[in-house]
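Take a look at the chain below. The text after it starts with the fold and ends at one residue.

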Amino acid sequence: INLTGTAPDEAARTLAEQIAGEIPGVARVDSQIVVKSSLAEKPDTATRFTFQNGTLVLKGPVPNETVKAALIEKATSMYRSLSIEDQLQVSSNEVSDDWQDMAFMILTQLGEFSKGDMSIDGNKIHITGVVDSTASSEYVQKSVNDIIGDKYAASYAIEIENLPVPE
């Protein structure tokens, strides 16, 4: 039997292995259980654009200084009325050739939101926020889906501002 997953401590790992070994017909236990405390903290690999209360925060890893400067410049030119907070860090994370285009695209979509959070992590794009109408929500989703093709996966959690509650 093969055991995989995580355990909170060594005692739990040993107990799982022992229980598995006592199952009738099990000749051998191959344990690949990792003790949770021994897991290294996974660094945040998502680049995130968060807009709220008049501030746009650019945060997370970018592939190089050129891309960092380009994102800051684009945010500053697009959102002149906002305070731009740079929390981007140059990282050695591998990114696809079109990563910068995808980052620019999701940064552009923030203009549709009264507040929002958009991230790109590998080939995953996540868009959360509040828009003023169903049409705006549909526009954002269609725009993103038309651009990303099959190379990226997008998820959405978009709320409509002041949507009347049905009685």
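What follows goes from the overall architecture to a single side chain.

This is a predicted model. Four helices and eight strands make up its secondary structure. In sequence order they run β-α-β-β-β-α-β-α-β-β-α-β. The chain is more spread out than a compact globule, because its radius of gyration is 22 Å, well over the 15 Å that the globule rule gives for 167 residues. Along the principal axes, the C-alpha atoms fill a box of roughly 65 × 55 × 30 Å.

Next comes the packing. Of the 167 residues in the chain, 32% are buried. Contacts can be sorted by distance along the sequence.

Now the surface and the charges. The chain has an accessible surface of about 10,300 Å². Carbon and sulfur atoms account for 50% of that area. The chain carries 13 positive and 25 negative charges.

Finally, zoom in on S137. This residue sits in helix 4, which spans residues 134-148. Is S137 buried or exposed? Its relative accessible area is 8%, so S137 is buried; the cut-off for that class is under 20%. Which residues does S137 touch, leaving aside those up to four places away in sequence? They are V131, I158 and I160.

Terms used
Residues are numbered from 1 along each chain as its sequence is written. This is a predicted model: local features need pLDDT of at least 70, side-chain atom pairs count only at pLDDT 80 or more; totals for chains, interfaces and linings use all residues. Side-chain values use heavy atoms; hydrogens and water are left out. Helices (H or I, at least four residues) and strands (E, at least two) are DSSP runs, numbered from the N terminus. The radius of gyration is taken over C-alpha atoms; the globule rule is 2.2 Å times the number of residues to the power 0.38. Buried means under 20% relative accessible area, exposed over 50%, partly exposed in between (1.4 Å probe, protein chains only). Accessible areas come from the Shrake-Rupley method with a 1.4 Å probe; for residues, only the protein chains shown count as cover. Lys and Arg count as positive and Asp and Glu as negative; His and the chain ends are not counted. The place of a charge is taken as NZ of Lys, CZ of Arg, CG of Asp or CD of Glu. Contact means heavy atoms within 4.5 Å.
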